[in-house]
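Open the structure in your viewer and keep the selection tool at hand. The stops below say what to select next and what is there.

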Amino acid sequence: MRIAAAQFESVPGDIEANVRSMAALIREAGDRGVRFVAFCELSANGYALDPIAAGPDAWLTEDDPRLAPVREACRATSTAALIGCAAVTGEDRPAIGALVVGPDGGLLARYDKTRLYGRELEVFVPGAADGRFTLDGVRFAVAVCYDNRFPELAERAKADGCAVYVASSALDAENDSFEKVLPVRARDNALHVLLANQVGGGDAGECLGDSGVWGPDGSLLASAGRTVPGLVVWDLPTA
């Protein structure tokens with residue numbers, strides 16, 4: 001099974017432009033035989049919190065018509081995609097959502113970030129459940145950025161039979177997760193870790209991409225580098 005992480009420079013507050021960028025990358029990934037592609041935290045909105053805090057016009061529902069180009073790209077290529085967004089909840093604040101659109105264009109799974117950080121605590125509500133989905137017989141776990149600092153999430157993923165741990169993130173250039181968090185989660189739990197990282201500036205600082213894949217021994221297997229836009233693609237070993 002071929003998996004990928006995609007990176008591009010989100011335009012803060014411009015959902016339509018960001019969705020078009022993601023749809024194009026999904027089509028590129030599909031052309032390369034990818035079955036699942038992940039995007040970064042808040043990829044549909046850009047990691048800029050003021051437009052999200054301003055009100056629900058910036059929040060997305062699971063079947064939001066603004067996501068139609070992504071759904072169409074998934075159907076056209078038989079590719080599943082994880083989209084980051086400010087997601088509508090039953091409360092007066094959104095969640096930092098990770099929506100997994102299936103190869104048929106329908107919603108395969110939703111995960112809401114459980115560990116909020118800094119100003120996120122003022123703008124969002126936390127999720128309360130682990131993220132899981134299965135594609136082509138492979139079980140995936142989903143986590144978002146600061147979640148990855150908590151080793152119990154990856155430990156539960158291993159116990160739940162997951163093979164791939166998806167880390168949808170917005171990590172600035174000085175963040176130590178590339179060396180001290182993501183490879184450790186992979187090695188300690190014998191998981192493939194797939195990082196989709198932001199590119200560009202914003203409230204998370206200057207992010208340079210370097211989306212990548214770590215193997216179950218903690219080694220870095222592949223990286224998208226700092227190109228914009230870019231894909232990192234990896235073939236999971238046959239069970």
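## Stop 1

Select Phe140: leaving out residues up to four places away in sequence, Phe140 touches Met1, Ile3, Phe36, Gly131, Arg132, Phe133, Leu135, Cys162, Val164 and Val166. A contact here means heavy atoms within 4.5 Å.

Before going on, note that this is a predicted model, in which local features need pLDDT of at least 70 and side-chain atom pairs count only at pLDDT 80 or more, while totals for chains, interfaces and linings use all residues. Residues are numbered from 1 along each chain as its sequence is written, and side-chain values use heavy atoms, with hydrogens and water left out.

Buried means under 20% relative accessible area, exposed means over 50%, and partly exposed is in between (1.4 Å probe, protein chains only).

Which residues of the largest nonpolar core touch the most other members? They are Phe36, Phe124, Phe140 and Tyr165, in a core of 56 residues. Strand β7 gives the most to this core, with six residues. A nonpolar core is a set of buried Ala, Val, Leu, Ile, Met, Phe, Trp, Tyr and Cys residues joined through side-chain atoms within 4.5 Å. Helices (H or I, at least four residues) and strands (E, at least two) are DSSP runs, numbered from the N terminus. Another core lies apart from the largest one; it has 27 residues, among them Ala23, Cys74, Ala87 and Leu231. In soluble globular proteins, nonpolar side chains tend to be buried together.

## Stop 2: aromatic rings

The whole structure holds six aromatic pairs. Show Phe133 with Phe140: this pair is stacked, at 4.7 Å centre to centre and with 5 degrees between the planes. Rings of Phe, Tyr and Trp (its six-membered ring) pair if their centres lie within 6.5 Å; planes under 30 degrees apart count as stacked, over 60 as edge-to-face and the rest as tilted. Phe133 is buried, with a relative accessible area of 4%.

## Stop 3: Thr79

Next, select Thr79, in the loop between α3 (68–77) and β3 (80–87). Thr79 is buried, at 0% relative accessibility. What does the side chain of Thr79 meet through polar atoms? One of its polar atoms lies 3.2 Å from the backbone oxygen of Val34, and a polar contact of 2.9 Å joins the side chains of Thr79 and Thr77. A polar contact is a pair of N or O atoms within 3.5 Å; within protein, one must be able to donate a hydrogen and the other to accept it, and residues adjacent in sequence count only if both atoms are side-chain atoms.

A search of the whole structure finds 16 salt bridges. A salt bridge is a side-chain nitrogen of Lys or Arg within 4 Å of a carboxyl oxygen of Asp or Glu. Side chains of opposite charge can pair when their charged atoms come close.

Select Asp160 and Arg132, whose side chains meet in a salt bridge (2.8 Å, N to O). Asp160 lies in the loop between α5 and β8 and Arg132 in strand β6, so the pair ties together parts that are 28 residues apart in sequence. Asp160 is partly exposed, at 34% relative accessibility. Salt bridges that share partners join Asp130, Arg132, Arg139, Arg156 and Asp160 into one network.

Then show Glu120 and Lys113, another salt bridge, with the closest N and O atoms 3.0 Å apart. Glu120 is buried, with a relative accessible area of 2%, and Lys113 is buried at 1%.

## Stop 4: helices α5 and α7

In α5 (151–159), select the buried residues Leu153, Ala154 and Ala157. Seen down the axis of α5, these buried residues fall within an arc of 90 degrees, so they line one face of the helix. The arc is that of the directions from the helix axis to the C-beta atoms. Their cover includes β5 (107–112), β6 (131–135), β7 (138–144), β8 and α7.

Finish at α7 (residues 182–189), which is mostly covered: six of its eight residues are buried. They are Leu182, Pro183, Val184, Arg185, Ala186 and Asn189. Just after α7, Ala190 takes a positive phi of about 55 degrees.
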